[in-house]
Amino acid sequence: MGPIINDINCLIVDIPTIRPHKLSVATMGAQSMVLVRIQASDGVEGIGEATTIGGLNYGGESPESIKTNIDAYFRPLLLGKPANRLAELRQLVCKNIKDNHFAKSAIETALYDAQAKRLGVSVSDLFGGRVHDSIPVAWTLASGDTQFDIAEAQKMLDLRRHNIFKLKIGLRSPKEDLKHIASIKNALGDDIGIRVDINQGWTETQAVRYLQALADVGIELVEQPIHYKNLAGMARLTALGRVPIMADEALRGPQDGFRLAADHCANVFAIKIEQAGGLQAARDLISIAEAADISLYGGTMLEGSVSTIAAAHLFSTIGNLEWGSEMFGPLLLKDEILKTPLDYSDFSLKLPTGPGLGIELDEEKLAFYTRKF
Ligand SMILES: O=C(O)C[C@H]1C=CC(=O)O1
Ligand SMILES: [Mn+2]
């Protein structure tokens with residue numbers, strides 16, 4: 001008989017950010033990560049993570065609701081089930097539990113980590129193997145202060161950590177944002193790629209009015225400018241062809257990906273394993289984009305190291321990750337819960353070579369940052 005799922009433990013880990021991180025939907029001073037640890041009867045443990053942005057500011061799942069739903073619904077459903085039958089487990093979960101994409105992603109990541117460890121391979125091997133051993137990583141400038149952002153970008157360039165930057169806009173007026181972008185662009189020069197993420201902060205009218213201005217100041221990509229449900233609007237903005245449009249919040253799984261591709265709602269898909277509903281769902285989304293000639297980008301929910309590296313394993317198997325990634329979440333946090341932090345160097349994230357996710361938790365640090373109820 002194969003390994004059986006013996007236990008599932010779920011904890012919330014709170015770590016402060018290195019500076020306030022300002023999005024149009026929230027200002028973050030700390031990140032709350034839900035860690036899932038799954039134990040199987042063969043002694044193998046798998047780890048997964050679910051992380052949201054600003055509690056309920058970004059989407060319908062909060063760290064607290066994720067933990068409650070894992071403890072109350074996922075755990076009883078999965079205890080005693082075969083730990084190595086990943087496709088069957090995914091179907092069981094999807095049949096019995098609606099929505100809850102972030103929780104599903106954490107559970108599935110832990111199952112993949114354990115299964116890869118069991119087989120002595122890395123998680124990327126379970127998705128066909130790596131095409132890349134490292135992934136380019138953009139940094140998000142979101143302190144809310146233009147001069148601070150410029151200094152931060154220059155520091156990242158000096159450290160050779162990031163040479164692509166994303167700006168979070170949509171909190172201030174478009175005119176103020178344009179001034180902010182132009183100052184940063186002028187300070188950093190033409191060779192540095194700059195993108196903006198509006199996080200649904202604009203109306204379609206504002207987008208029609210200001211997309212050309214964004215292109216004129218040298219913005220190379222505009223992420224989720226309008227409400228995620230306004231797909232017809234996304235299609236109209238994409239058809240304008242002023243600047244490539246990337247979908248983020250509108251992509252909550254393969255069905256959304258199919259709709260967006262069929263209706264020409266975006267030029268680029270931001271792939272997030274949590275928003276998609278897990279590694280397998282994200283893989284399906286990637287295939288839809290590839291079939292539709294939609295370019296790919298590795299997105300983040302500002303996850304900690306566990307989910308960041310899980311996503312990186314999947315992204316390493318993509319032939320053309322044309323817009324790189326933003327897998328910088330762990331670097332936004334003041335501390336790390338891994339024994340060996342992830343390797344960020346030469347403007348990219350290096351994939352670990354060990355079995356599973358290739359990471360190990362630092363139990364002392366984890367105990368220190370675990371929320372006590
Ligand atoms: O893409 C998002 O909407 C979420 C996230 C990614 C980078 C960042 O600063 O926030
Ligand atoms: Mn985004």
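Reader: In this predicted model, how many of the seven residues of β3 are buried?

Author: The model is predicted, and burial is judged here by a count of at least 20 other C-beta atoms within 10 Å. Strand β3 is mostly covered. Of its seven residues, the number that are buried is six.

Reader: Which residue of β3 is the bridge partner of L35?

Author: Strands β2 and β3 pair in the antiparallel sense, over seven bridges. Four residues lie between the strands of this hairpin, and G43 there takes a positive phi near 85 degrees. Within the pairing, the bridge partner of L35 in β3 is E49.

Reader: Which element gives the most residues to the side of domain 1 that touches domain 2?

Author: The domain assignment of the chain gives domain 1 as 5-125 + 362-369 and domain 2 as 129-350, with their C-alpha centres 23 Å apart. The contact takes 38 residues from domain 1 and 38 residues from domain 2. On the side of domain 1, the elements that give two or more residues are β1 (5-22), β2 (27-40), β3 (45-51), α3 (101-119) and α12 (363-369). The one that gives the most, with nine residues, is β1.

Reader: Is strand β7 largely enclosed by the rest of the structure or largely open, and why?

Author: Strand β7 comprises residues 193-197. Because four of its five residues are buried, β7 is largely enclosed by the rest of the structure.

Reader: Which residue of β7 is the bridge partner of K166?

Author: Strand β6 (residues 164-168) is joined to β7 by five bridges, and the two run parallel. Together with helix α5 (residues 174-188), these strands make a right-handed β-α-β unit. The bridge partner of K166 in β7 is R195.

Reader: How many charged residues does the shell around ligand 1 have?

Author: Ligand 1 is surrounded by a set of residues that includes K168, D197, D248 and E326. Also in this set are L23, I53, T140, A142, N199, G299, T300 and L302. By class, the shell has four nonpolar and four polar residues, and the number of charged residues is four.

Reader: Is Q224 buried or exposed?

Author: Q224 is found in the loop between β8 and α7 (231-240). Its phi is positive, at about 35 degrees, although it is not a glycine. Because Q224 has 25 C-beta neighbours inside 10 Å, it counts as buried.

Reader: In β11, which residue is the bridge partner of I271?

Author: From strand β10 (residues 268-271), V268 and A270 point one way and F269 and I271 the other way, and all are buried. Strand β9 (residues 245-247) is joined to β10 by two bridges in a parallel arrangement, and A247 has F269 as its bridge partner. Strand β10 also runs parallel to β11 (residues 295-298), with four bridges between them. The bridge partner of I271 in β11 is G298.

Reader: Which helix makes a β-α-β unit with β9 and β10?

Author: The unit of β9, the helix and β10 is right-handed. Its helix, formed by residues 254-262, is α8.

Reader: What is the C-alpha to C-alpha separation of L279 and A106 in space?

Author: L279 is found in helix α10 (residues 279-291) and is buried, with 25 other C-beta atoms within 10 Å. Leaving aside residues up to four places away in sequence, L279 touches E108, T109, Y112, I273, A310 and L314. L279 and A106 are 173 residues apart in sequence, and their C-alpha to C-alpha separation in space is 9.3 Å.

Conventions: Residues numbered from 1 in each chain as written. Chains lettered and ligands numbered in written order. Predicted model: local features only at pLDDT ≥ 70, side-chain atom pairs only at ≥ 80, totals over all residues. Buried ≥ 20, exposed ≤ 12 C-beta atoms within 10 Å, placed from the backbone. Pairing = 2+ DSSP bridges. Right-handed = clockwise from strand over helix to strand, strands pointing away. Near = placed C-beta within 6 Å. Nonpolar A, V, L, I, M, F, W, Y, C, P; charged D, E, K, R; others polar. Domains from an automatic or database assignment. Contact = placed C-beta atoms within 7 Å.
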